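Hello,

Here is the structure for your files. My notes come after it.

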Amino acid sequence: MKPCDRDDWQEMIAKKKRFLFRMVAVFICFYFTLPVGVILFPSFMAHRVLSHFTVAWLVAFLQFVMVWAMGMIYYFKTVTCDRLIEKIVARAHRTRRIVK
């Protein structure tokens, strides 16, 4: 039996896919807020919020923050997935159900 045939492995892959889908969905939605906002709501995007900054500039800056934050979230999530993979493989080795 290979580790990819195990139920806990399949469950981990399903969780990873759900996590990645959510991350991509949030990224795409936030990414398109700037161009769509400038096209559909130009007066709102031109509104000044912090002395010289407009809403459009604020959204553009927040995109940099979002990319760094999502990168950190992804990194820590992969560390936990790696630990889980190691546990699954170790358990498979202990029960001698793994094909090398």
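Predicted model: local features only at pLDDT ≥ 70, side-chain atom pairs only at ≥ 80, totals over all residues.

Residues are numbered from 1 along each chain as its sequence is written, and side-chain values use heavy atoms, with hydrogens and water left out.

Cysteines. With a disulfide taken as a pair of cysteine sulfur atoms within 2.5 Å, the count is zero. Cys 29 is exposed at 53% relative accessible area, whereas Cys 81 is buried at 13%. Here buried means under 20% relative accessible area, exposed over 50%, and partly exposed in between (1.4 Å probe, protein chains only).

Aromatic rings. There are four aromatic pairs. Rings of Phe, Tyr and Trp (its six-membered ring) pair if their centres lie within 6.5 Å; planes under 30 degrees apart are stacked, over 60 edge-to-face, and the rest tilted.

Phe 19 and Tyr 74 are stacked, with 6.5 Å between centres and 15 degrees between planes. This pair joins helix H1 (residues 7-31) to helix H4 (residues 55-94), its members being 55 residues apart. Helices are DSSP runs (H or I, at least four residues), numbered from the N terminus. Phe 19 is buried at 15% relative accessibility; Tyr 74 is partly exposed at 37%.

Tyr 75 and Phe 76 pair edge-to-face, at 5.2 Å and 70 degrees. Phe 27, Tyr 31 and Phe 32 make up one aromatic cluster.

Regards

Methods. Helix = DSSP H or I, 4+ residues; strand = E, 2+ residues; numbered from the N terminus.
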